[in-house]
Amino acid sequence: MSGPFAGVVGHAQAVRQLGAQLATDRLAHAYLFVGEAGLGKATVARTLASALLPEAPLTRHPDYWEDDRNKLIHVNEIRLIPDKPAEFHELTLQQFVNLKPAIGSCRFVLVTNVGRLRDESQGVLLKTLEEPHPHRVIVLTTPSLNPFVVLPTVVSRCQRVFFHPVPPAEIEGLLTARGIDPKRARLLAELSGGRPGWAMRRAGDERVIELHRTWTRRLEEIFGAPPDVPLHVAAQLDSEQMGWRRGEGEEEDPALFAIASWQIELRRRMLASRGREQGRWARLLELSYDTLGYLEQNVSPRLALETFLLECRKAS
């Protein structure tokens with residue numbers, strides 16, 4: 001990809017769509033970038049903003065407004081006339097949008113993870129989306145279109161752009177281009193789940209490599225073990241995931257990370273074997289992907305993990 005999006009890794013369809021609209025001056029007034037955390041939604045949004053506002057870096061451009069904090073966004077950061085002054089921005093979102101561009105051709109707003117806005121705040125934002133000003137571009141990002149995350153009325157007022165996992169080879173290339181050791185880059189790419197942002201953030205974090213080794217050892221202990229061993233591992237992982245859901249742990253879902261580690265080991269064993277043995281590892285690898293699907297559905301995480309690990313126990 002050439003042009004302003006040349007540095008973006010993956011997301012060819014999204015980048016082509018935005019690049020064509022940018023080139024023909026037919027950008028929508030509001031976008032909803034949809035995809036899980038770490039895929040690069042905010043990176044693409046900032047790249048688009050930089051192309052529209054080349055006069056100065058975004059960090060000090062008077063026509064750029066961004067909120068990417070990992071906290072709830074209070075309605076007073078949005079309202080045109082807030083109950084009290086905005087705490088994190090000189091101007092609220094609506095105050096900013098109501099002003100004409102200062103030095104650029106438009107005003108640009110980026111709100112990452114719009115689910116940080118409660119329903120009341122999303123309702124206030126909806127008024128801005130329903131009555132768009134010319135020469136304004138608003139980009140919201142969300143991991144999901146679930147109505148409990150983003151109001152359907154907000155979704156309906158935005159042009160949706162979908163982001164999907166990036167192939168590991170592209171993430172590996174990104175990391176090696178940034179000077180990461182090739183062996184480490186390959187492992188991080190495999191663990192990333194297609195998320196270049198995650199891989200870049202974790203590139204220098206030794207804890208990630210050690211955690212991968214720990215979960216790999218746990219899987220090796222399960223092969224041929226008594227039934228209580230996989231059940232214990234499933235219980236431990238279920239407990240860690242519950243803590244993560246309550247916001248007590250790291251940013252990474254422990255269950256997803258553990259399964260990514262196990263998939264690397266299962267794939268290694270599959271490629272190193274032949275015949276029936278290779279088929280057995282291939283079936284376990286396929287079951288690991290089924291387990292990921294169960295974790296995204298209304299299925300007991302512990303039951304899904306127990307089922308998978310009990311099947312792994314039969315391997316030797």
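Reply: The lining of the largest cavity divides into three nonpolar, three polar and two charged residues (Ala, Val, Leu, Ile, Met, Phe, Trp, Tyr, Cys and Pro count as nonpolar; Asp, Glu, Lys and Arg as charged; the others, Gly among them, as polar). This is a predicted model, where local features need pLDDT of at least 70, side-chain atom pairs need 80 or more, and totals for chains, interfaces and linings use all residues. Residues are numbered from 1 along each chain, and side-chain values use heavy atoms, without hydrogens or water.

Which residues line the largest cavity? They are H29, V97, T128, E131, P132, H133, R136 and I138. Its volume is about 40 Å³, the space filled by probe spheres set on grid points joined across faces, edges and corners. The structure holds one cavity of 30 Å³ or more (on a 1 Å grid over protein atoms alone, a 1.4 Å probe fits but cannot get out; a pocket is open, with protein on both sides within 12 Å along at least five of seven lines; lining residues have an atom within 4 Å of a point).

Now the second largest pocket. Its volume is about 280 Å³. It is lined by 16 residues, and I73, H74, V75, N76 and E77 are the closest to its centre. By class, the lining has five nonpolar, three polar and eight charged residues.

Next, helix packing. Helix α7 spans residues 182-191, and helix α9 spans residues 206-222 (helices are DSSP runs of H or I, at least four residues, numbered from the N terminus). Their axes come within 11 Å and cross at roughly 70° (lines fitted to C-alpha atoms over the stretch in contact; angles run from 0 to 180 degrees between N-to-C directions). α7 and α9 are therefore roughly perpendicular (65 to 115 degrees). In α7, R184, L187, L188 and L191 meet E206, V208, I209 and H212 of α9 (heavy atoms within 4.5 Å). That contact has five nonpolar, one polar and two charged residues.

α7 also packs with helix α11, residues 254-271. Here the axes come within 9 Å and cross at roughly 125°. L187, E190 and L191 in α7 meet F257, A260, S261 and I264 in α11. Five of these residues are nonpolar, one is polar and one is charged.

Key
Helices (H or I, at least four residues) and strands (E, at least two) are DSSP runs, numbered from the N terminus. Angles under 35 degrees count as roughly parallel, over 145 as roughly antiparallel, 65 to 115 as roughly perpendicular and the rest as oblique.
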